[in-house]
Amino acid sequence: MTEAPVRFDLPEPDAFTRPYWDAAARGQLLLRSCRACGRAHHYPREFCPHCWSEDVTWERASGDATLYTWSVVHRNDLPPFGARVPYVAAVVDLAEGPRMMTEIVGCEESALAIGMALRVAFRREEGKEAVPVFHPGDC
């Protein structure tokens, strides 16, 4: 019997991050928001990285972002990335403030520009978690 290859692109949800992944499966992006200072943050943490308060909660994000920076990956030997090359790895500024590492889909590299408007989408695979990716509306 042949074992399935190890995947390096899928999360391993735990009890704390389960709400994030469940929302992603519904097509919603969640952020952690601090009730003490009012700031959002990402990646999910049990405390606010701005004021250190533990009074944080899950909030639905708008899904809007702007492109901060990107790089085209031409080689990646980890499964399944090798089958996806070239792909665009990026950092986006979410409308709520936090920066997020992601992938840009549905757009040629030549059309990308710093500050361009992006919208969240979700890469879904049967029986796996939905992973947020971003795409421009005009590509």
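Does Trp 21 count as buried or exposed? And what lies around it?

Analyst: Trp 21 counts as buried, because its relative accessibility is 13%. Buried means under 20% relative accessible area, exposed means over 50%, and partly exposed is in between (1.4 Å probe, protein chains only). This is a predicted model, where local features need pLDDT of at least 70, side-chain atom pairs need 80 or more, and totals for chains, interfaces and linings use all residues. Residues are numbered from 1 along each chain as its sequence is written, and side-chain values use heavy atoms, without hydrogens or water.

Start with the rings. The whole structure holds five aromatic pairs. In one of them, Tyr 20 and Trp 21 have ring centres 4.8 Å apart and planes at 90°, so the pair is edge-to-face. (Phe, Tyr and Trp rings, the six-membered one for Trp, pair if their centres lie within 6.5 Å; planes under 30 degrees apart are stacked, over 60 edge-to-face, the rest tilted.) Tyr 20 is buried as well, at 5% relative accessibility. Ring pairs link Phe 16, Tyr 20, Trp 21 and Trp 58.

Trp 21 also faces open space. The largest pocket has 24 lining residues. Trp 21 is among the five that lie nearest its centre, with Met 101, Thr 102, Val 131 and Pro 132. About 570 Å³ of space lies in this pocket. (A pocket is an open set of points on a 1 Å grid where a 1.4 Å probe fits, with protein on both sides within 12 Å along at least five of seven lines; lining residues have an atom within 4 Å of a point.)

(Helices of at least four residues, H or I, and strands of at least two, E, are DSSP runs numbered from the N terminus.) β6 gives the most, with four residues.

Now follow β5. Six of its eight residues are buried, so β5 is largely enclosed by the rest of the structure. It has a strand partner in β4 (residues 64–73). Eight bridges join β4 and β5, and the two run antiparallel. (Strands pair if DSSP finds at least two bridges.) Ala 65 stands opposite Leu 94 in β5. β5 also pairs with β6, through six bridges, again antiparallel. Here Ala 89 has Glu 103 in β6 as its bridge partner. The two strands form a hairpin with four residues between them. Gly 97 sits in that turn, with a positive phi of about 120°.

β5 and β6 also reach the second largest pocket. Each supplies at least two residues of its lining. About 160 Å³ of space lies in it. Its lining includes Pro 86, Tyr 87, Val 88, Glu 103 and Ile 104.

A cis peptide bond joins Val 85 to Pro 86, with omega about -10°.

Another cis bond occurs elsewhere. The peptide bond from His 42 to Tyr 43 is cis, with omega near 20°. Tyr 43 is in the loop between β2 (40–41) and β3 (56–60). Trp 52 lies in the loop between β2 and β3 too. Its phi is near 70°, a positive value in a residue other than glycine.

Trp 52 is exposed, with a relative accessible area of 61%, whereas Trp 21 is buried at 13%.

Conventions. Points joined across faces, edges and corners; volume = space filled by probe spheres on them.
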